[in-house]
Amino acid sequence: MVSAAEQLAANLNLGAFAKAQDLKNRIWFTLGALVIYRLGTFIPIPGVDAAAFAEAFRAQSSGILGMFNVFAGGAVERMAIFALNIMPYISASIIMQLMSSMSPKLEALKKEGESGRKQINQYTRYLTLVLAAFQAYGIAIGLEGSRSQIGPAVADPGWFFRATTVITLVGGTMFLMWLGEQITQRGVGNGISLIIFAGIVAGAPSAIVGLFEMARTGAISTFLLLALLALMLLVVAAIVFIERAQRRLLIQYPKRQVGNRMFQGDASHLPLKLNSAGVIPPIFASSLLLLPITAAQFSSAQGGGPEWLQTLVASLGAGQPLHIAIYVAMIVFFAFFYTAVVFNPKDTADNLRKHGGFIPGIRPGEKTAEYIDYVLTRITVVGAIYLAAVCVMPEMLTAYAAVPFYFGGTSLLIAVSVTMDTVAQIQSHLLAHQYEGLIKKAKLRGATSRGGRR
């Protein structure tokens, strides 16, 4: 026996897609925007010797900047105009969300609806500009001190080069922020997530070829290659399973009388995702971990910079205990923080009480809110452990096996989760298109029947 939901999903075929012109336009817009982003990752910053910088970068690509380069789609390695990527905007969003939970003024703005949200978004853009300028200036200073065997990365250092670099990098970040917003509004999926996703996926083919080349030359054993591929498949399967996992709370609705008719009490479920925060905690944690040392690692390259700076950069390298500890702590913190932002147990309990719903055995109102918060806290613990394990364990293994960052848990988590979210949005558009078609047919039949009766 096929359920109605399964039958409806089965109807989402190529024929339905071919008729959904609006969805096709959205997909083409999204692909076009991502192509523009990829082209920008190949346009270098003026005044930088690409060959000299590439050699200097290879000496430090196994550290934090290697992970940053993965998220930026190789723009850091090429020192392109999109080298900062969208990370300053993500950092600004984190800071604004933290401030919204502490500042009464911002909290009031959040409750004002669409106008308040637009005002907070404007504040986020201003903060993005400040953070991008700070990071860009640090990169400019680091580039001037970066040297390789070929020569210095910057042939003509000075204030003109610094100003040019800051303007170029800040302009690139602000353009990507705008591009991400356009994808969200006019395309399919979350624009910011898709930009990061495009950067990760773009470098995957060359990374896979490089991995097999390492096995061919004997840099890694065949057994290790097979083990890494099996680990990747296992991580992808775990991500798909956990991202779909839910804890459903039974909701009962009492009997009600409308006129002379008595309606039977209904029952439904309140779904609580095991990982309500999605890919936000790893992205936030990576962004904040990259922020303070973007310039520091350049300054400490080739033996430059004070000794304590070199020690700090070395300690924050991939697979190092300090890096792992900070990364795990940030992931756990943002898993709880973002869950609290996107899901408010008190508001949910109030809505249930207004509509007459209740959880069996739990009093409506405050007790319901406490119970939902209790359940949500327990499943968020599991979700945070899952995120930390997926993001850290593969990176520990790949760091010690000298495997590219593309096979780290964070990259796989973002790629798989964004793919699932985008596919879900495409299915929603197809369903909406089908419903619109059914409504139009029903109206047409109604008009035809009325005309026939006349």
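Which side chains meet in a salt bridge with an N to O distance of 2.4 Å? The side chains of R216 and E213 do, where a salt bridge is a side-chain nitrogen of Lys or Arg within 4 Å of a carboxyl oxygen of Asp or Glu. Both residues lie in helix α10 (residues 191–217), three residues apart, about one turn of the helix. R216 counts as exposed at 61% relative accessibility, and E213 counts as partly exposed at 35%. In this classification, buried means under 20% relative accessible area, exposed over 50%, and partly exposed in between, with a 1.4 Å probe and protein chains only.

The structure is a predicted model, in which local features need pLDDT of at least 70 and side-chain atom pairs count only at pLDDT 80 or more, while totals for chains, interfaces and linings use all residues. Residues are numbered from 1 along each chain as its sequence is written, and side-chain values use heavy atoms, with hydrogens and water left out.

The protein has 18 helices and four strands; these are DSSP runs numbered from the N terminus, helices being H or I of at least four residues and strands E of at least two. Of the 454 residues, 45% are buried. Among contacts with a separation of 6 or more, 75% are between residues 24 or more positions apart, a contact being heavy atoms within 4.5 Å. The protein exposes about 23,600 Å², of which carbon and sulfur atoms supply 64%; accessible areas come from the Shrake-Rupley method with a 1.4 Å probe, and for residues only the protein chains shown count as cover.

The salt-bridge rule gives a count of four. One of them joins E181 and R125, whose closest N and O atoms are 3.2 Å apart. This pair links distant parts of the chain, with E181 in helix α9 (residues 159–186) and R125 in helix α8 (residues 114–145), 56 residues apart. E181 counts as buried at 19% relative accessibility, whereas R125 counts as partly exposed at 23%. E144 forms a salt bridge with R162, with the closest N and O atoms 3.1 Å apart. Because E144 lies in helix α8 and R162 in helix α9, the pair ties together parts that are 18 residues apart in sequence. Both E144 and R162 are buried.

A nonpolar patch on the surface is formed by V332, F336, V381 and I385, which together have about 300 Å² of accessible area. Patches are made of residues with over 30% relative accessible area and no salt bridge, like charges being joined within 9 Å and nonpolar side chains (Val, Leu, Ile, Met, Phe, Trp, Tyr) within 5 Å. V381 lies in helix α17 and is partly exposed, with a relative accessible area of 37%.
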